[in-house]
Amino acid sequence: MRFNIGEQGQTTGQTEYEKQAGESLLAQEIPFVTSKEGFRFVGWDKAPDGYVVTEDVEFVAQYEEEEPHYQVRFDEGDHGVLHGQTLYEKRKDDKVLPNEIPEVEPEEGYRFVGWDKNPNNHIVTEDVVFVAQYEEVKESWWSRFWGWGSGCLNWLLT
């Protein structure tokens, strides 16, 4: 009797046994299978545990292909804070939904201007990071002059 592991897996256990007709296969004789990346071992084509030998038999390992998952991450960038979930696991070709995009709170003196790439309905094909982008808010000279000294000039003129 033989255990055919296939190309999607591997084992360190014995894969061939000589048994006489009427003998049973013991649980400890069944090899432990480790799947290769992208696959999941789901069992054998026939149940080997307790199998009573009647003739030469081959047990073939069965695998399922695993769907790849990718990480979608939102990064706050240099001048702000994100509110909400910032990391998602997505399957290939899933979309980033508008309600999954976290809220951005810029630091004082900065304005959030968007993401380095558009996350809205982005189709996921690999790991991706969206980084928040900011621009410095420049006050006009008269605005700074008006507010000079904690509004002192403003107070004098009004």
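1. Asparagine 121 lies in the loop between E10 and E11, where helices (H or I, at least four residues) and strands (E, at least two) are DSSP runs numbered from the N terminus. Its phi is near 60°, a positive value in a residue other than glycine, and asparagine 121 is partly exposed, with a relative accessible area of 37%; buried means under 20% relative accessible area, exposed over 50%, and partly exposed in between (1.4 Å probe, protein chains only).

2. On the basis of these remarks: this is a predicted model, in which local features need pLDDT of at least 70 and side-chain atom pairs count only at pLDDT 80 or more, while totals for chains, interfaces and linings use all residues. Residues are numbered from 1 along each chain as its sequence is written, and side-chain values use heavy atoms, with hydrogens and water left out.

3. A positive phi, near 75°, is also found at aspartate 93, a residue other than glycine. Aspartate 93 sits in the loop between E8 and E9 and counts as partly exposed at 48% relative accessibility.

4. The strands E8, E6, E11 and E10 form, in that order, an open sheet of four strands with mixed pairing, two strands being paired if DSSP finds at least two bridges between them. Strand E8 (87-91) and strand E10 (110-115) stand at the edges with a single partner strand each, so one side of each is left without a neighbour in the sheet. E10 pairs with strand E11 (residues 128-136) in the antiparallel sense over five bridges, and phenylalanine 112 has tyrosine 134 in E11 as its bridge partner.

5. E7 pairs with strand E9 (residues 103-106) in the antiparallel sense over four bridges, and the bridge partner of valine 81 in E9 is glutamate 105.

6. The whole structure contains 10 aromatic pairs, counted for rings of Phe, Tyr and Trp (its six-membered ring) whose centres lie within 6.5 Å, with planes under 30 degrees apart taken as stacked, over 60 as edge-to-face and the rest as tilted. In one of them, tyrosine 51 and phenylalanine 59 are edge-to-face, at 5.2 Å centre to centre and 90° between the planes. Phenylalanine 59 is buried, with a relative accessible area of 0%, and one aromatic cluster is formed by Phe3, Tyr17, Phe41, Trp44, Tyr51, Phe59 and Tyr63.
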